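Please find below a short note on the structure under review. The points are numbered so that each can be checked against the coordinates.

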Amino acid sequence: MAKNRFEQVDEPQPDAITLSLGQRDGKSFIRIACPAELAAGHLANDFVSDELDPIEGFRSAVRLANEIKAPIVVEDNEGLWQAEWGELFREE
């Protein structure tokens, strides 16, 4: 089975759902950012989630992306990406 591929970016993108990975007190978390314009009427304003457990956040982002037919990109400045989530690549 082919792994999902996600582009790594340096900041949230206006044309994609952005997963931002972070760490506080030794615990990893994910924030989900979705521009209102991308959501085609599903959101009145840009959305940024609270800090979520990485697995919960990843699953929520995938559900949202499937619902609004949007790509997901990943902001991972601390190198927290886990291989079981798929392949993380950087566009050249």
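The points that follow cover the sheet, the helix and the aromatic side chains.

1. Basis of the note. This is a predicted model, in which local features need pLDDT of at least 70 and side-chain atom pairs count only at pLDDT 80 or more, while totals for chains, interfaces and linings use all residues. Residues are numbered from 1 along each chain as its sequence is written, and side-chain values use heavy atoms, with hydrogens and water left out.

2. The sheet. Six strands form an open sheet of mixed pairing, in the order β4-β3-β2-β5-β1-β6. β4 (47-48) and β6 stand at the edges with a single partner strand each, so one side of each has no neighbour in the sheet. Strands are DSSP runs (E, at least two residues), as are helices (H or I, at least four), and both are numbered from the N terminus; two strands pair if DSSP finds at least two bridges between them. In general, the strands of a sheet pair through backbone hydrogen bonds, either parallel or antiparallel.

3. Strand β2 (residues 17-24) pairs with strand β3 (residues 27-34) in the antiparallel sense over seven bridges. Across this pairing, L19 stands opposite I32 and G22 stands opposite F29. Two residues lie between the strands of the hairpin, and D25 in the turn has a positive phi of about 55°.

4. The β3-β4 pairing. β3 also pairs with β4 in the antiparallel sense, over two bridges. Here A33 stands opposite V48 in β4.

5. The helix. α1 lies across β1 (5-9), β2, β3 and β5, and runs at about 15° to β3. Such angles run from 0 to 180 degrees between N-to-C directions, with axes fitted as lines to C-alpha atoms, for helices over the stretch in contact (heavy atoms within 4.5 Å).

6. Aromatic pairs. The whole structure holds five aromatic pairs, defined by ring centres of Phe, Tyr and Trp (its six-membered ring) within 6.5 Å; planes under 30 degrees apart count as stacked, over 60 as edge-to-face and the rest as tilted. One of them joins F58 and W81 edge-to-face, at 6.0 Å centre to centre and 65° between the planes. F58 lies in helix α1 (residues 54-68) and W81 in the loop between β5 (72-75) and β6 (87-89), so the pair ties together parts that are 23 residues apart in sequence.

7. The aromatic cluster. W81 also pairs edge-to-face with W85, at 5.1 Å centre to centre and 80° between the planes. F6, F58, W81 and W85 form one aromatic cluster. F58 and W81 are both buried, as is W85 (under 20% relative accessible area, with exposed over 50% and partly exposed in between; 1.4 Å probe, protein chains only).
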